[in-house]
Amino acid sequence: MKKIYKLLLVLSIVFISNIITAQDLKSWKEPMRSEMIKMIEKAPKKNRIATFDMDGTMISESPAYDIAIFTQKYSDAKIASKDDLVKALLALAKDEKYKEYVDDFFTTHKSKVYQPMVELVELLKKNQFKVILCTASEDYFGTVAMNTAFPIFDDVIGTNFKVRLNDKEGKVENLREAGIRPMFAFGNSDGDYAMLEYAKKGGFIVLHNDKASGEYDKPEEYIKECEENNFKMIRINGDWKTIFK
């Protein structure tokens, strides 16, 4: 009898912990809110893992990537193109004071965090998902950025410049090396497509289509590509009530 009571108690605790409340995804509009909740509830119980890109998926890229703002602040190099930025960042990462620069940067810099995505991560964790930030930003930078802006992830997989740039196929290679294959993956650009395709149950693109807030980037092109690749779309203007945390 005691064993049955204990089993019922454990089951009731698990059930209660997974109840969806009005506070879950409160910044999301219908019908997307209900669709996301249903997807999580119906997900297989084993190997619950979700991966998230950082820039443009968890935080704003407007007016620029956080790591681009950082590089321009601490590098003396002239940066006029993306290639210049990458070269300057690679050089900066070799500086013996690099970690000091990163720590100093985040003492004053505040990332523009997407509140709906924070709520999504929280709901996934509430439902026993392991959530991993998989970013093209340098590994230490990504870790400090996460700990400063949204300390809710279970792990961070960033770029190790000595191995590869963690973009496109690089993200998948790093996930494979870590023995991780996500059930769901979330990104915002073609740099995330390989990771989205790698996800077992589906990939999602955060579609930047809100001109008023400045969160706007080739939405028509991404809509077409999402349809071709069978990715689901999360529209900033359309699926969210509130954008920023």
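Contact here means heavy atoms within 4.5 Å. Among contacts in the chain with a separation of 6 or more, 66% come from residues 24 or more positions apart. This is a predicted model, where local features need pLDDT of at least 70, side-chain atom pairs count only at pLDDT 80 or more, and totals for chains, interfaces and linings use all residues. Residues are numbered from 1 along each chain as its sequence is written, and side-chain values use heavy atoms, leaving out hydrogens and water.

Q: Why is Thr-135 called buried?
A: Buried means under 20% relative accessible area, exposed over 50% and partly exposed in between (1.4 Å probe, protein chains only). Thr-135 has 0%, so it's buried. Buried residues make up 48% of the 245 in the chain.

Q: What makes α3 and α4 roughly perpendicular?
A: Helix α3 (residues 66-74) and helix α4 (residues 82-93) pack at about 70°, axes 10 Å apart. The axes are lines fitted to C-alpha atoms over the stretch in contact, with angles from 0 to 180 degrees between N-to-C directions. Under 35 degrees is roughly parallel, over 145 roughly antiparallel, 65 to 115 roughly perpendicular and the rest oblique. So α3 and α4 count as roughly perpendicular.

Q: Which residues of α3 and α4 meet?
A: Ile-67, Ala-68, Phe-70, Thr-71 and Tyr-74 in α3 meet Leu-85, Ala-88, Leu-89 and Leu-92 in α4.

Definitions and conventions:
Helix = DSSP H or I, 4+ residues; strand = E, 2+ residues; numbered from the N terminus.
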